[in-house]
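Please look over the model below before reading my notes.

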Amino acid sequence: MTQRLVVAMLVFVGASTLTSFALALRKGALSLELAWIGLGIGALASVVAGWQAREATARRALSPWDWAGLTAFALFALRSFCWLLYWDKDVVRIGAPNNLGDICRHLLYARMFADGEPVWPDHPLHAWEMLRYYPGADFFQAMLLSVGADELRALAWCGLAGSVLAAFALRRWGGAFTLLAFLFAGGLAGFEIFATGVVKDYQMPLAWKPLATAIFVTQRGFLFALPAGLMLLISWRARWFGGAGEGGGDAPPLPRWVEWLLLVATAFFQLYAFLFLMGLLVGWGLIRGADRTFSRDVFLTLALALALAAPLIALMTNFGAGRFFRWRPGWMWEPGGNVPWFWVLNFGLSLPLAAWLWLRLGWRSLARSARREDSAAAAFVLPAGCAFGMCALFAFAPWEWDNTKLMIWAYLAAAPYVWSALIRDWPVALRVLVCFGIFASGAVSLLGGLRSAEKGVEIARRSELDFLRVEVADLPRSVRFACAPAYNHPLVLLGRRIAMGYDGHLYGYGLEYADLRREVETLMLGGRGWRKAAARLGVTHIYWGPREAKRYAKSNRPWEQDCGEIANGDWGRIFALERQP
């Protein structure tokens with residue numbers, strides 16, 4: 001695959017998604033016409049970008065380690081995305097157990113945008129909030145659904161395409177070492193296989209989970225943000241630091257407009273990636289302030305990208321920090337535990353090697369004794385180390401684990417130079433031993449995680465979804481249901497608004513839901529004032545099925561006598577609160 005094709009594909013996704021979203025924001029909702037207009041403009045932009053982007057003048061041939069890494073990545077991608085979501089007779093299954101909550105949320109957002117939900121929407125899982133989320137991947141999926149793409153095939157093909165782009169970008173950014181560092185990220189937990197003889201995901205219970213399965217598969221925005229962000233790092237390295245990297249030859253930088261487009265689109269697909277990239281630009285501009293030409297160039301990129309992305313960020317976050325930024329030293333380390341062991345167990349050899357390199361480059365920079373080849377390394381490793389340190393001291397989300405979405409960039413930014421500035425010059429035997437120590441545990445955990453997904457996990461019944469889809473098809477998008485707060489509720493999978501969604505989803509958004517839950521319980525239990533509770537929640541319909549009967553077993557269900565039933569089946573019953581029985 002050539003750089004031109006990769007750039008063209010990324011520009012196509014970024015330009016088409018941003019265009020359709022801007023038009024939908026102006027018109028009020030996504031439609032078939034707007035989806036086609038966005039895809040058409042994206043196609044034109046991709047042709048121009050592919051024509052203007054230039055290839056490396058001296059490409060490096062694939063080494064045996066490159067082939068090994070790319071083959072492993074291909075096998076991972078095929079296993080993960082071909083069975084991402086699939087039908088097993090009447091059962092809808094998901095391949096990865098750790099993707100249960102995330103995939104249901106992605107299905108909800110994609111379907112609600114495709115079905116004409118107003119843009120910008122009320123939160124579909126919280127009756128009193130607006131949506132706070134970066135929905136780029138889901139909006140692109142909604143565009144595909146709008147033009148007639150099959151839902152499951154679109155999910156799979158987007159995953160496979162993102163994998164191809166990510167594998168290319170990882171290899172171009174840092175060669176086989178960085179590709180394997182992403183694929184086999186881990187610490188020491190996997191070495192337990194020598195005691196148990198069992199292949200399983202030993203890393204998943206820890207804080208630093210396997211990046212491939214815990215981030216790339218579950219957080220669909222990374223399908224675009226990871227290759228786009230890496231291509232920006234490659235371009236900036238070539239533009240400002242003259243570094244070619246282990247896997248990239250001497251490829252020239254991208255056209256300026258492509259850089260700006262990818263940077264703004266990254267904010268829409270994965271906000272944490274955008275924050276890391278902007279932080280890099282700020283750091284470079286401040287550190288090399290004496291070089292006015294360099295600083296002016298960097299700050300121009302920074303200012304224009306921020307000006308274009310700021311309206312998007314305001315829309316997605318309302319600029320509310322709240323619980324999203326707080327003092328949390330130790331990241332996910334629990335008080336009373338062994339602090340050094342926590343970090344070594346999670347990160348293994350990769351952390352001390354990166355720390356050693358950071359200290360060495362920092363000392364050389366302070367002493368002004370850095371070699372010419374150290375300039376690119378220092379430009380990426382030093383800010384990456386600072387970003388990692390910030391994540392170890394502060395939480396950037398209500399759930400501390402979400403810091404991983406920033407830490408992954410620090411990890412990948414430093415990875416090429418851990419190899420080129422440290423390990424590459426060591427004796428062969430020592431290189432082999434160190435690489436085994438870095439990758440073996442993660443490889444065991446990755447293989448174990450993929451094996452655990454062999455039978456899949458049920459999230460829904462196809463017949464239930466099909467019947468319910470017909471029953472709610474004619475109800476307007478403004479309808480809000482009261483139901484049990486389950487992550488895989490049929491209404492969620494069909495993209496409908498509910499009064500309160502799964503607690504874990506609401507907590508991850510930083511939304512308060514204690515009062516909301518009390519109101520929902522008052523309504524669903526049929527207690528005194530249940531109609532007033534429904535009015536405060538904006539609920540127009542009640543869904544009563546097996547989940548509701550189990551969760552609210554003591555309910556009086558007064559709506560069965562006072563309200564009209566508009567649908568029923570083996571899946572349950574739907575009541576319209578304003579309709580007479």
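Predicted model: local features only at pLDDT ≥ 70, side-chain atom pairs only at ≥ 80, totals over all residues.

1. Residues are numbered from 1 along each chain as its sequence is written, and side-chain values use heavy atoms, with hydrogens and water left out.

2. Start with helix H12, residues 292-317. Helices here are DSSP runs (H or I, at least four residues), numbered from the N terminus. H12 bends by about 40 degrees at Ala 309. The bend is the angle between axes fitted to the seven residues ending there and the seven starting there. Pro 311 follows within four residues. After H12 comes Asn 318, with a positive phi near 60 degrees.

3. Ala 309 is also among the buried residues of H12, as are Phe 294 and Leu 302. Buried means under 20% relative accessible area, exposed over 50%, and partly exposed in between (1.4 Å probe, protein chains only). The buried residues of H12 pack against helices H1, H9, H10 and H11.

4. Is His 123 buried or exposed? His 123 counts as buried because its relative accessibility is 0%. It lies in the loop between helix H4 and helix H5.

5. The whole structure has zero disulfides, meaning pairs of cysteine sulfur atoms within 2.5 Å. For Cys 386, the nearest cysteine sulfur, in Cys 391, is 11 Å away. The sulfur of Cys 563 is 16 Å from the closest one, in Cys 483, so it is too far for a bond.

Conventions:
Helix = DSSP H or I, 4+ residues; strand = E, 2+ residues; numbered from the N terminus. Contact = heavy atoms within 4.5 Å.
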